[in-house]
Amino acid sequence: MSKGIQFHNYELNNVTGQIIQSVPTYIICAHDDITTGVLMLDKLYSVGYDGKLIIYDCPFGSAPAVAKKLDHAHDAGITCLIAQKNAADNNEWLMTGSFDKTAKVWSLDGKLIFKFIDFTQPVTGLTYVHATKTVWIGN
């Protein structure tokens with residue numbers, strides 16, 4: 001069972017085309033169960049079936065290191081993760097959805113901002129539509 005994140009180098013090969021190296025440069029295993037979402041902004045973020053939201057520092061040329069771990073970000077496995085970062089309107093946040101039938105909005109440093117609780121089924125998908133400034137939540 002996969003419990004981590006693999007980092008693979010991407011290179012441009014003039015003979016064969018673009019290539020992603022098959023051997024990972026780094027593997028980090030900070031989750032206790034399957035990792036279900038990974039995204040990169042100024043920091044690296046991951047979520048998993050263990051209910052954790054993990055924030056990593058990513059020093060250039062070094063393996064990412066855990067900066068903050070929210071062990072109980074949700075009461076059940078986290079199914080999805082999205083982010084919005086728009087410097088023009090100072091709008092920055094993460095959003096997670098879970099088998100616990102909630103969706104949560106977080107600051108980029110891991111503070112809970114808002115919790116959606118009115119779902120009758122697990123939250124299975126999230127997307128932010130910039131043109132209409134709306135979040136679509138699948139459950």
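1. A polar contact here is a pair of N or O atoms within 3.5 Å; within protein, one must be able to donate a hydrogen and the other to accept it. In this predicted model, the side chains of Lys52 and Asp32 are joined by such a contact, at 2.5 Å.

2. Lys52 sits in the loop between strand S6 (44–48) and strand S7 (53–57). Its relative accessibility is 8%, so Lys52 counts as buried, the limit being under 20%. Beyond its neighbours within four places in sequence, Lys52 is in contact with residues including Ala30, His31, Asp32, Lys69, Leu70, Asp71, Ala73 and Ile78. Ser46 and Val47 are also among the contacts of Lys52.

3. Ser46 is part of strand S6 and is buried, because its relative accessibility is 0%. Two side-chain polar contacts are to be noted for Ser46: one with the side chain of His31 at 2.7 Å, and one with the side chain of Tyr56 at 2.8 Å.

4. The contacts of Ser46, leaving aside neighbours within four places in sequence, include Ile5, Thr35, Gly37, Val38, Leu53, Ile54 and Leu81. Lys52 and His31 are also in contact with Ser46, and His31 is in turn one of the residues in contact with Lys52.

5. Tyr49 is placed in the loop between S6 and S7, where Lys52 is also found. Is Tyr49 buried or partly exposed? Its relative accessible area is 36%, so Tyr49 is partly exposed.

Key. Residues numbered from 1 in each chain as written. Predicted model: local features only at pLDDT ≥ 70, side-chain atom pairs only at ≥ 80, totals over all residues. Heavy atoms only, no water. Helix = DSSP H or I, 4+ residues; strand = E, 2+ residues; numbered from the N terminus. Buried < 20%, exposed > 50% of the residue type's maximum accessible area, 1.4 Å probe, protein only. Contact = heavy atoms within 4.5 Å.
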